[in-house]
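I opened this notebook to keep track of what I looked up, one place in the chain at a time. Each entry begins with a residue or an element and then follows its surroundings.

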Amino acid sequence: MTKDWYAWHTDYDQPDSALSRRLAEVRDRIAEALDSAPPGPLRAVSLCAGQGRDLIPVLATHPRGGEVTARLVELDPRNAEVARRAAAEAGLTGVEVVVGDAALTDRYADLVPADLVLACGIFGNITDADIRATVRHCASLCAPGGTVFWTRHRREPDLVPVICDWFAEEGFTPLAVSSPADGVGVGAHRFGGPSRPLAPGAAMFEFIGYDRLTHP
């Protein structure tokens, strides 16, 4: 049975849920990145953006929010509509929500390299090989000095340390990585550059889903 990714978002509304805790940490990391970003216009892209609950509320309240041009790519039109409505209600005219396959590099070609790259909710739903490939593509999506935000569960086998190694191999430095004791894996890595061209027409990953990965 295909997971209902619209209904899945209801766990965010449960204060004690792992998703709620993960969301709070991701928002904190985004705010920190905006705090330290250089003056001037900023760009952001969000892969598998869902309802935009991580990025949009931060942009709505942060002093730099109005300086950000953002593209959120989400396959489920119901989730995309929620994100689009939230951005409009917050007056974020620089936020665009696109319905489509977030794995395709062409979705981002005219907006990268970006200062903020969100790859949240992906690494627990794709194969290890695709995680590695996506990390490699992040070096093309992210501007020098920009930040990639990502998530991955800490259940065994805990791949978070390996993912951190992969980011290091691509020129990223960790800014914050949650501990196993937190129960949720949130990472923020800064790209040391130099810029790399984004491969045209490439699929960065295949979104399989955690349930299918663990119970094929």
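Entry one. I began with E89, which is exposed because its relative accessible area is 66%, where exposed means over 50%, buried under 20% and partly exposed in between, using a 1.4 Å probe and protein chains only. I found E89 in helix α3, residues 77-89; helices (H or I, at least four residues) and strands (E, at least two) are DSSP runs, numbered from the N terminus. I also noted that E89 and A60 are 29 residues apart in sequence, while their C-alpha atoms are 9.2 Å apart in space.

A note on the source. The model is predicted, so I kept in mind that local features need pLDDT of at least 70 and that side-chain atom pairs count only at pLDDT 80 or more, whereas totals for chains, interfaces and linings use all residues. Residues are numbered from 1 along each chain as its sequence is written, and side-chain values use heavy atoms, with hydrogens and water left out.

Entry two. Leaving aside neighbours within four places in sequence, the residues in contact with R71 (heavy atoms within 4.5 Å) include A44, V98 and Y108.

I checked helix α1, residues 18-36, whose 19 residues should span 27 Å at 1.5 Å a residue, and the end C-alpha atoms are 28 Å apart, which agrees; the expected span is 1.5 Å times one less than the number of residues. Among the buried residues of α1 are L19, L23, V26 and I30, and the buried residues of this helix pack against elements including α2 (55-61), β2 and β4 (114-119). An α-helix has 3.6 residues a turn, so residues three or four places apart point the same way.

Entry four. I moved to L55 in helix α2, which is buried, with a relative accessible area of 1%. Leaving aside neighbours within four places in sequence, L55 is in contact with I30, A44, A70, L72, L116 and L118.

I looked up S140 in helix α4, which counts as buried at 9% relative accessibility. A polar atom of the S140 side chain lies 3.0 Å from the backbone oxygen of P197. Not counting residues up to four places away in sequence, S140 touches V112, P113, R196, P197 and L198.

Entry six. I ended with the backbone. Most residues other than glycine have a negative phi, and most peptide bonds are trans. The bond from V112 to P113 is cis, with omega near 5°, and P113 sits in the loop between β3 (95-99) and β4. A cis bond also joins E156 and P157, with omega about -5°, and P157 is in the loop between β5 and α5. C48 is not a glycine, yet its phi is positive, at about 50°; I placed C48 in the loop between β1 and α2.

Note on methods
Polar contact = N/O pair within 3.5 Å; in protein donor to acceptor, adjacent residues only side chain to side chain.
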